[in-house]
Structures are given as C-alpha cells and as structure tokens.
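Reader: I have a structure to look at and some questions about its residues. Please show it first.

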Amino acid sequence: MILRDMSEADLDAVLRIEREVHAHPWTAGNFSDALRSKYVCKVYENEGRMLGYAVLMLAVDEAELLDIAIAAGQQRHGRGRKLLEEMMALARRQNMQRMVLEVRASNAAAIALYRKAGFSDIGLRRDYYPAENGREDAILMGRDL
Ligand SMILES: CC(C)(COP(=O)(O)OP(=O)(O)OC[C@H]1O[C@@H](n2cnc3c(N)ncnc32)[C@H](O)[C@@H]1OP(=O)(O)O)[C@@H](O)C(=O)NCCC(=O)NCCS
C-alpha cells in the first residue's frame, strides 16, 4: 500500500468514496480548493486501487486533519489507523508539534479511531455542523506529535 500526492485527476475517484462514506460530503470545489491551497492531500492506494485519502492543513507548528476516509468496502481492516499514522508521521517530518481535528459527535467510528490513535477531547463546538434534524455538535480532538 502506498501514500501518494492527490491531484485533480484523482477527484472523480475521491468524490465517489467521499459521497459513499459521508452523509455531508465535501464537494469537488472543496477538494480543488484544498489542492490549490497546498494542503497536504494524499491518496492511499493498493495496486492502483484507491482505498482512501486524507487532507491535512499545516499551520506554524500545528497540523489540522481536515478529512480522512476509507472506501466503504475497505473499512475495518486497520487501514484508517494506518493512514492516520502515516499522516501523523508526515506532520512530524514537517516539524509539527500537534495534530488537531473536528469530528461530528455522532461519528462513533471516527471518534473510536482517533481515541485509539492517542487523541483526546480538547473542546466542543455546539451546533457546529448542519445535520439531518437541525444541527450537530463538533468534538475537537488533539494530540501531541
Ligand atoms: C473513520 C474511518 C476512516 C475508519 O477507517 P477504518 O479503516 O474502518 O478503521 P480501522 O479499521 O483502522 O479501525 C481502527 C479503529 O477505529 C475504530 N473503528 C473503526 N470503525 C469503527 C466502527 N464502525 N465502529 C466502531 N469503532 C470503529 C475501532 O476502534 C478500530 O479498531 P479495531 O478494529 O481494533 O476495533 C472510516 O470509518 C471512514 O472512512 N468513515 C467515513 C469518513 C469519516 O467519518 N471520516 C472522519 C471524518 S472526521
């Protein structure tokens, strides 16, 4: 399995996964903006098949994980954990001291993944996300690198 830079040419495949696994997916424009903004956008693949991807924003000494996903049929095989660890290692190599992220309070899978990877809760943004029935809280998590 390899981690490589994402490009515009990947966006169809990325969006297929994004729409499959997120109730509130990023748009093509969101990914294009991330690429243009020089965020760290990585594709995780095996023998040419995209398993997932992640987007990281580096700011001074703190990396913010903006998106991470594993294709629906590829989940629960340790790949999300591996991809997250690769993104942490990459951030460390860029001299980042911390990694932070925001996650929907209802996203039990992601919260469990982050806890297992050493992240702890650092805050709560009430009604931060649009949701099916109104709004949903964001949990802020972080860990030292
Ligand atoms: C979150 C996500 C990336 C995890 O990917 P994954 O490859 O399935 O995760 P892993 O197999 O590496 O699991 C690592 C740990 O996360 C937790 N976990 C993962 N999926 C879980 C689930 N559905 N329910 C509960 N815990 C889960 C478990 O603790 C798991 O460890 P275990 O398998 O030893 O029990 C994946 O579910 C996903 O793409 N979700 C949709 C996108 C998303 O929500 N991204 C996060 C946005 S903030």
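Reader: Which residues does Leu65 touch, not counting residues up to four places away in sequence?
Author: This is a predicted model, where local features need pLDDT of at least 70, side-chain atom pairs count only at pLDDT 80 or more, and totals for chains, interfaces and linings use all residues. Residues are numbered from 1 along each chain as its sequence is written. Two residues are in contact if their C-beta atoms, placed from the backbone, lie within 7 Å. With that cut-off, the residues that Leu65 touches are Ala54, Leu56, Met87, Met99 and Leu101.

Reader: Which residues of the largest nonpolar core touch the most other members?
Author: A nonpolar core is a set of buried Ala, Val, Leu, Ile, Met, Phe, Trp, Tyr and Cys residues joined through C-beta atoms within 7 Å. The largest one has 30 residues, and those touching the most other members are Ala54, Leu65 and Met87.

Reader: Is Gly29 buried or exposed?
Author: A residue is buried if 20 or more other C-beta atoms lie within 10 Å of its own, exposed if 12 or fewer, and partly exposed in between, with C-beta atoms placed from the backbone. Gly29 has 8 other C-beta atoms within 10 Å, so Gly29 is exposed.

Reader: Which helix gives the most residues to the shell around the ligand?
Author: The ligand is surrounded by 20 residues. Helices (H or I, at least four residues) and strands (E, at least two) are DSSP runs, numbered from the N terminus. Six residues of the shell come from the element that gives the most, helix 4.

Terms used: Near = placed C-beta within 6 Å.
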